[in-house]
Amino acid sequence: MAVSMKDEAGNSDKSPSFEMTWGSSTSSGYCSEEDSDSEFEQYFTARTSFFPKTRKANVNANVKQDEQIEWGKQELTTADIQQKVKEYNVQINSNLFMNMNKDGSYTGFIKVQFKLARPVSVPPPKKGGHDAGGRKAPGVKRRTSFYLPKDASKHLHISSRTSAREVIEALLKKFTVVDNPGKFALFERSERHDQVYIRKLSDDERPLRLRLAAGPNEKALSFVLKENETGEVNWHAFSMPELKNFLRILQREEEEHVKQIVQRYALARTKMQEALTGSTPG
């Protein structure tokens, strides 16, 4: 299903209307796959573990994961939706209104905050490289990776029929990110009774319906784009260069583990031999 979005004028035939706001002055760290392997590998060895250690329980009792929040679960009639849209528009202090359509659907804005720990990949700048004969030199498919600034956010103008999956795809397209959308997930965040609740949205949930049901208050409900941590690594979501790099890292970690085990046994053997040499028969 194509992303159903409209611009601020309400014309569905035009491209989606996006508004980007940067909440941090942190500069992005750029790195290219043309750079040395050591820099690229250093990132993944620091952030990725093929044999992760058991994590300790989250000491922050105010953050509760996967809490089921019933925003937008109830079925509403067209009259109910119209009333909620009116109540929503009265509460907002900007021009980010919701608008009803004749078919019973409605359009409006959602704000998505980025909380990405890993860099994203974009196509490198196009270079008009030609060989000595004037022919276009055969290029190698490369990508440029960079970190999005912390607390970056974007407003999307979407429809009540736009799914969470389509929101993710629209965000990546706007930033020209070429990473597989399956690497990312959309989360809802809410604050209630001095506690923070975070829930991962399924691909077919409708974020604008959640926004309407919760109202415009960002504390009641906000959206966050994060890495899709499913517990198991989806290797099919990575590109060939990334997989080859992972294999090099895996081999390096394996060699390091083997080296440590050999050294441990060699040290134990040496101590045993010293004990045998220093002991007296009897």
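Let's start with a pair: L186 stands opposite L225 in β11. Strands here are DSSP runs (E, at least two residues), helices are H or I runs of at least four, and both are numbered from the N terminus.

A word on the source. This is a predicted model, where local features need pLDDT of at least 70, side-chain atom pairs count only at pLDDT 80 or more, and totals for chains, interfaces and linings use all residues. Residues are numbered from 1 along each chain as its sequence is written, and side-chain values use heavy atoms, with hydrogens and water left out.

Back to β11. β9 pairs with β11 in the antiparallel sense, over six bridges. Pairing takes at least two DSSP bridges. β5 runs parallel to β11, joined by three bridges. There, Q113 stands opposite V224.

How enclosed is β11? Five of its six residues are buried, so β11 is largely enclosed by the rest of the structure. Buried means under 20% relative accessible area, with a 1.4 Å probe and protein chains only.

Take F223. Beyond its neighbours within four places in sequence, its contacts (heavy atoms within 4.5 Å) include I110, V112, L186 and L210.

Key:
Buried means under 20% relative accessible area, exposed over 50%, partly exposed in between (1.4 Å probe, protein chains only).
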